[in-house]
Amino acid sequence: MLAAMPDSALSPLSAGGPALRDSGDACPGTLRLHRADDGALARVRVPGGVLSADRADALLAAAGRFGDSELHLTSRGNVQLRGLDAECGGGLAELLTAAGLLPSAAHERARNIVASPLAGLDGSPPVSGWLSGLDGLVCGSAAAASLSGRFLFALDDGRGDVDALGADVTLIAAGDSCLLRIGASDEVFRVPGGEGPRAALLAAEAFLRAARDSGAWRVKDLPDGVRADLVRTVGAGAGPAVHRPRPRTATPPAPGAHASTSAISVDVPLGRLTSSQWRLLTETARRYGNELRLTPWRGIVVPGPFAHDEAVEALRALDAAGLITAPDSPWTGVGACIGHPGCAKSLSDVRAEAGAAVGPVGRLPVYWSGCERRCGHPHGEWIDVVATPDGHRISHVRGERRDPRTTVRNGDPARLAAAVAEARAL
């Protein structure tokens, strides 16, 4: 039980806890804008990806008033606003605070929580209680304000989808209890379901103590011995240990209708939504469940329920608007960073190149990166296409293993498209 956790190891940090990473963590938020080549960028955290229709409207208003009117989905189910005026911070914060999207200025970059998008919709258990509980605990913890903008919580309904995303602290539904995973450890700890959110917060605070000397941003960044000690420390205060390796790959919700139309799902080409597409999604949500769920795979689930004909008509309208509504779309599994000209570090316009190379659906997803940083890349198994000064390097990634396949020199787009298609068919 959590009550057995050693006070010295897992009690919450004091309000005067360590001010970790005062410099170096440049992860953007809504109060700390990032300067990009296409203007300033704001990243709005949306815990669990869950948005009411009204809050979705507020994001659209912010994009139109301050930015380029488009909304960009991230690999954590958050929203980025681009093309912002660097001086818009005060007005943007005021708008988002009024909409309930910025409950704590001190914690806005720490609210990194992904959740199974179909939880509670297709027979799986809901995780909404965990989500609201954990978000409230994070925003109420003085210590949690020191978490890096890269630190990630995951709430998995038991299907393994977000458990596979490499979070730092993961809760997994398991009947009336839940399993707590720290980093990529194969050992998880059983805790009562109602205590899951607090167990997750305590684990994150234990990480902060473990990271004092190393300055690590994430569990995987800790030295091996320190990471092992962290898992043992958390386990000493939790329930029995269970051997449960993390899934190698995640299975995103397929585009289309789910569980006899309890929800519909769409994917977003390259994660980029026009104002009209976003408005259509919001209007669809308002007619049915009044909720959107942004997925960590740059898609959106709209909970219903829908009558069969309603689901067909909604998907038809979303398809006509340019969204992915069926698994056989050539855009399925294709992702890319913002690339040139939006990013000064990018060596290529990888979004245009990804579009030019779109072809038959491949077995493996593919991600195009304009530089070695690979911002927003997926997890698990995928095909990695990275722009280099001379061309593009294509690799097959499986977890921590990266197998180079070929390099295609600049000036040969047909060969590049063929090489990517071949790699995806592995």
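This briefing describes selected packing, contact and backbone features of one structure.

The model is predicted, so that local features need pLDDT of at least 70 and side-chain atom pairs count only at pLDDT 80 or more, while totals for chains, interfaces and linings use all residues. Residues are numbered from 1 along each chain as its sequence is written, and side-chain values use heavy atoms, with hydrogens and water left out.

**Helix packing**

- Helix α5 (residues 196-210) and helix α6 (residues 224-237) pack at an angle of about 145 degrees with their axes 10 Å apart, where helices are DSSP runs of H or I with at least four residues, strands are runs of E with at least two, and both are numbered from the N terminus.
- The axes are lines fitted to C-alpha atoms, for helices over the stretch in contact, and the angles run from 0 to 180 degrees between N-to-C directions.
- On the α5 side the residues A203, A206, F207 and A210 meet V226, L230 and V234 of α6, contact meaning heavy atoms within 4.5 Å.
- The residues of this contact between α5 and α6 divide into seven nonpolar, no polar and no charged; Ala, Val, Leu, Ile, Met, Phe, Trp, Tyr, Cys and Pro count as nonpolar, Asp, Glu, Lys and Arg as charged, and the others, Gly among them, as polar.

**Aromatic residues**

- The structure holds three aromatic pairs, a pair being rings of Phe, Tyr and Trp (its six-membered ring) whose centres lie within 6.5 Å, with planes under 30 degrees apart counted as stacked, over 60 as edge-to-face and the rest as tilted.
- One of them is the edge-to-face pair of F151 and F153, at 5.4 Å centre to centre and with 70 degrees between the planes.
- F151 is buried at 1% relative accessibility, and F153 is likewise buried with a relative accessible area of 1%; buried means under 20% relative accessible area, exposed over 50% and partly exposed in between (1.4 Å probe, protein chains only).
- Another is the tilted pair of Y288 and F306, at 4.2 Å centre to centre and with 40 degrees between the planes.
- This pair links distant parts of the chain, with Y288 in the loop between α7 (275-287) and β15 (291-294) and F306 in the loop between β16 (299-303) and α8 (308-320).
- Y288 is partly exposed at 23%, whereas F306 is buried at 5% relative accessibility.
- F151, F153 and F207 form one aromatic cluster.

**Two buried residues**

- D168, found in the loop between β7 (153-156) and β8 (169-174), is buried with a relative accessible area of 2%.
- The side chains of D168 and R218 are joined by a polar contact of 2.9 Å, that is, a pair of N or O atoms within 3.5 Å of which, within protein, one must be able to donate a hydrogen and the other to accept it, residues adjacent in sequence counting only if both atoms are side-chain atoms.
- L294 is found in strand β15 and is buried, with a relative accessible area of 3%.

**Backbone features**

- The peptide bond from G304 to P305 is cis, with omega near 10 degrees, and P305 has its place in the loop between β16 and α8.
- S260, although not a glycine, has a positive phi of about 55 degrees, and at 73% relative accessibility S260 counts as exposed.
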